[in-house]
Structures are given as structure tokens and as C-alpha cells.
Amino acid sequence: MAAETAISRRDLLRGRPQPGPFRARPPGVTRQSLAACTSCGACADACPEKILDIVEDGVTLRPEAGECTFCGACAEACPEDVFADNRRMAHVMQISGDCLAKAGVACMTCRDVCPESAIAMRPRIGGPFLPELDTENCTGCAACSAACPADAIHAVEREPENV
Ligand code: SF4
Ligand code: SF4
Ligand code: SF4
């Protein structure tokens, strides 16, 4: 299940418009620049990893589908001003309670596939090591999310000032 933006109970009761679920974006695409996306699909066609989709508000990256290699093909293919020069992702990954290790099943898949060594396994008494994700070193490439056998790793938006 995709990570969702928290919605306050008060806003719900008052019928205020609610933010939709957070959708990850390819590197260099900000909330603001996404407004220029015409949904032409050129970026998705160009992506060699086939991890981009077009949804109603433009391009989205599917972290569960594979790893972004930061090759830049999507940005090169885009005919609009959607991809900023900064190729950084606007998201980092977060490990949910669905993690097998948290349920007592030994698993180190995410640690093993992370190209940035951003996931460490913390020893604990009475159970398998637990994965800990360092958001400072996480590039949002999604290699871990795609490899996780429990679909336990999802993208969450970085604070805007950190994008
Ligand atoms: S940078 Fe490359 S791998 Fe990543 S989304 Fe763009 S085209 Fe796909
Ligand atoms: S790959 Fe998934 S299930 Fe395995 S340790 Fe990492 S988060 Fe947990
Ligand atoms: S998204 Fe990439 S860099 Fe971040 S923890 Fe997962 S594999 Fe490592």
C-alpha cells in the first residue's frame, strides 16, 4: 500500500479538501515543476527501467517496480520544463511495520541491495536483526522497495526545504 499523507480528523469532519496519496516522482521533478507536465508519456517511454507511469496529474515513479539508476533519460526525453537541474529525488524511503524482521522472520534483503549502504541491521535480543534506514544517505532510488518481499518499504516526501 502506498504511504499516504496524514489527514487531520478535524479537517475530515469539516469537509475540507484533503491531500491525495503521495506519489513519488522521478529525479528532479518537484511539486511545482510537475504542473508543467502534459502527460505526454515521453519520459515513461524513455525510462530503461520501466518504473515511470502517467497518472491523472502527470508522471509518477513506482518504487515497487524497480530501481532508478539516475540515468537522466527521462529528463532528456521530456519536451517541457518538468525536470529541474537538481536530479535529487523529492522522497526518501520508509520501512513500515510490515517488515518481516519486525514479525520475527530473518530478512536482510533491503540492506543487501542498497547501493548507498543506507540500511543497517540493528541487533536485538530475542529476534532477528532489524533494518534501520538512514534518510541522510538514502537517494530514493527504490532498489530496496522493489526487492522487499513484504512490500514494506514506501516513499515519503522530503521536507520541501530539503529537496
Ligand atoms: S533517471 Fe533513468 S532510471 Fe530513473 S526514472 Fe529517469 S529514466 Fe528511469
Ligand atoms: S527487505 Fe523488507 S522484509 Fe526484509 S528486512 Fe528489509 S524491510 Fe524488512
Ligand atoms: S531507496 Fe535506495 S538508497 Fe535509499 S535505502 Fe533504499 S536502496 Fe538505499
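A polar contact is a pair of N or O atoms within 3.5 Å, of which, within protein, one must be able to donate a hydrogen and the other to accept it. The legends below describe close-up views of a predicted model.

Figure 1. A polar atom of the Ser33 side chain lies 2.9 Å from the backbone nitrogen of Thr30. Ser33 has a relative accessible area of 13% and therefore counts as buried, the limit being under 20%. Beyond its neighbours within four places in sequence, Ser33 is in contact with Gly28, Asp81 and Val82.

**Figure 2. The shell of residues around ligand 1.** Four cysteines are among the residues that surround ligand 1: Cys47, Cys68, Cys71 and Cys74. The shell also includes Pro27, Pro48, Glu49, Leu52, Thr69, Phe70, Gly72 and Ala73. By class, nine residues of this shell are nonpolar, two are polar and one is charged.

**Figure 3. The shell of residues around ligand 3.** Ligand 3 has 14 residues around it, of which Met93, Cys114, Cys138, Cys141 and Cys144 come nearest. This shell divides into eleven nonpolar residues, two polar residues and one charged residue.

**Figure 4. Leu100 in the loop between β3 (91–95) and α4 (109–113).** The relative accessibility of Leu100 is 30%, so this residue counts as partly exposed. Leaving aside neighbours within four places in sequence, the contacts of Leu100 are with Val105, Cys107, Pro149 and Ala150. Leu100 and Cys148 are 48 residues apart in sequence, and their C-alpha atoms are 9.2 Å apart in space.

**Figure 5. Pairing of strands β3 and β6.** The two strands run antiparallel and are joined by five bridges. One of the bridge pairs links His91 to Glu157 in β6. Strand β6 covers residues 153–157, and four of its five residues are buried, so the strand is largely enclosed by the rest of the structure.

**Figure 6. Residues 1–18 and the confidence of the model.** Over residues 1–18, pLDDT stays under 50. The model has 17 contacts beyond four places in sequence for residues 1–18. Where pLDDT is low, the predicted coordinates should not be read in detail. For the protein as a whole, the average pLDDT is 88, and 85% of the residues score at least 70.

Terms used: Residues numbered from 1 in each chain as written. Chains lettered and ligands numbered in written order. Predicted model: local features only at pLDDT ≥ 70, side-chain atom pairs only at ≥ 80, totals over all residues. Heavy atoms only, no water. Near = heavy atom within 4 Å. Nonpolar A, V, L, I, M, F, W, Y, C, P; charged D, E, K, R; others polar. Buried < 20%, exposed > 50% of the residue type's maximum accessible area, 1.4 Å probe, protein only. Contact = heavy atoms within 4.5 Å. pLDDT = per-residue confidence, 0-100. Pairing = 2+ DSSP bridges.
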